[in-house]
Amino acid sequence: MELTIINTFTDQPFKGNPAAVCLLTGVKDREWMQRIAKEINSPVTAFINLHKDGWQLRWFTPSIEIPICGHGTLASSFFLWEKGYVPRNETIVYQTKSGLLTAKFVDGMVQLEFPSLMEQETAAPELLIKALGVVPTYVGQNKWDYLVEVQSEEIVRNLKPNIDLIAQLPTRGVIVTSRSNLQEYDFVSRFFSPAQGLDEDYVTGSAHCCLGPYWESKLDKNICIAYQASERGGLVKVEVAEDTVKLSGHAVTLFEGNLTI
């Protein structure tokens, strides 16, 4: 079985979000996949398998299987095109726990089409404010995460949240965002998800399914350039279209090998 490590939402090695991609050659159970993901210890390991109706795709952090993953899908698509399993001009269709997801190769980038995850305004829980240590200008919540807007990019970049307190919140994670001070980005964000075993995720595609619609309404533009200001950092082109969000990013292969068990 081929095993490849790819840096996503970046065109530079050691930047963006790393994902391991394993191309299965037969049926493997969930326990086996979880053990492999724990052994590789990448933020996400994606397992892809050819199915009669397309490709099956599952994602695992070192701790748990997760229902959706942008950078794992981007890495899987980049792998299939780079290795020649799928022609670059052909759309890839994945069967996943979140339904059918698609990927295209557009203008030198992988473009994913994911469902929109719009938030609704909510009262800020005291635990959330205590965990972040800042006063938000807005708090919303969708089916998975809290979305927190703060006053400035500087606050986003310098944030040192209490991860133990975030882990007590009844959500997948917390997205913290602000408008960008820099001309090359429209907005910045960070994402904290100890519930998935990721204290801070480096670049989170699914978080931008919420960020895209949110900033579209505030900036009055349906195409934005977003920067996730984690330690590694990554760039996401976000296009909002009705009930879907198109996420585009670059990728670079870091390692290629074979899994022998």
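Trainee: What should I know before I start?

Mentor: Residues are numbered from 1 along each chain as its sequence is written, and side-chain values use heavy atoms, leaving out hydrogens and water. The model is predicted, so local features need pLDDT of at least 70 and side-chain atom pairs count only at pLDDT 80 or more, while totals for chains, interfaces and linings use all residues.

Trainee: What volume does the largest pocket have?

Mentor: About 240 Å³. A pocket is an open set of points on a 1 Å grid over the protein atoms alone, where a 1.4 Å probe fits, with protein on both sides within 12 Å along at least five of seven lines. The volume is the space filled by probe spheres set on the points, which are joined across faces, edges and corners.

Trainee: How many residues line the largest pocket?

Mentor: There are 19. Lining residues have an atom within 4 Å of a point. Phe9, Thr10, Asp11, Gly234 and Leu235 lie nearest the centre of the largest pocket. Two or more lining residues come from each of E15 (223-228), E16 (234-241) and E17 (244-249). E here marks a strand, a DSSP run of at least two residues, numbered from the N terminus.

Trainee: Which element gives the largest share of that lining?

Mentor: E16, with four residues.

Trainee: In what sense do E4 and E6 pair?

Mentor: Parallel, over two bridges. Pairing takes at least two bridges found by DSSP. Gln56 has Gln95 in E6 as its bridge partner.

Trainee: And how many bridges join E6 and E7?

Mentor: Five, in the antiparallel sense, with E7 at residues 99-106. E6 and E7 form a hairpin with two residues between them. Thr96 has Gly99 in E7 as its bridge partner.

Trainee: New topic. Is His71 buried or exposed?

Mentor: Buried, because its relative accessible area is 2%. Buried means under 20%, exposed over 50%, and partly exposed in between, using a 1.4 Å probe and protein chains only.

Trainee: Where does His71 lie?

Mentor: In helix H2, residues 70-82. A helix is a DSSP run of H or I with at least four residues.

Trainee: What does His71 touch?

Mentor: Leaving out residues up to four places away in sequence, its contacts include Thr8, Phe9, Asn17 and Val203. Contact means heavy atoms within 4.5 Å.
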